[in-house]
Amino acid sequence: MLFYTFFYLVSALLLVQGTHLAGEQRHPMGAVPAELALPSGAARAWGKLLVLMGLIGLACGLASHGDAPRISRQTLAFVEGVEWVLMGVYGLWLVFIAKRIEYIGVAAASADHGHH
């Protein structure tokens, strides 16, 4: 039972994260400043991939229930492993490869402004 709980949580996490990522690229809410926005092409591709893997995981999980399960537990363990690896690779892309903010070393206001 605990296996299914974590399996469905990981699948749902991928589905929700992918939907958010793809939706933010398609219809931005305007809450993220332009310098923090992810590159649209790669973010859309990641969003679609995460949604697809989440849906595959949920479909495999549902197909494994019942009197005559069509998918074995070993297959579910493999799918969950692939989901964890995909989540890890996405996290590495998000932290290390996606668009970085470049700060300039100039103050926004002059140093003597407002000081007496």
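Reader: Is W46 buried or exposed, and what is its relative accessible area?

Author: Buried means under 20% relative accessible area, exposed over 50%, and partly exposed in between, with a 1.4 Å probe and protein chains only. W46 has 14%, so it is buried. The model is predicted: local features need pLDDT of at least 70, side-chain atom pairs count only at pLDDT 80 or more, and totals for chains, interfaces and linings use all residues. Residues are numbered from 1 along each chain as its sequence is written, and side-chain values use heavy atoms, with hydrogens and water left out.

Reader: How many aromatic pairs are there?

Author: Rings of Phe, Tyr and Trp (its six-membered ring) pair if their centres lie within 6.5 Å; planes under 30 degrees apart count as stacked, over 60 as edge-to-face and the rest as tilted. The count is seven. One of them, F3 with F7, is stacked, at 6.0 Å centre to centre and 25° between planes. F3 and F7 are both buried.

Reader: Which class does the pair of W46 and Y90 fall in?

Author: Its planes stand at 55° with centres 5.4 Å apart, so the pair is tilted. W46 lies in helix α2 and Y90 in helix α3; helices are DSSP runs of H or I, at least four residues, numbered from the N terminus.

Reader: At what angle do α2 and α3 pack?

Author: Axes are lines fitted to C-alpha atoms over the stretch in contact, and angles run from 0 to 180 degrees between N-to-C directions. Helix α2 (residues 40-63) and helix α3 (residues 73-97) pack at about 160°, with axes 10 Å apart.

Note on methods: Helix = DSSP H or I, 4+ residues; strand = E, 2+ residues; numbered from the N terminus.
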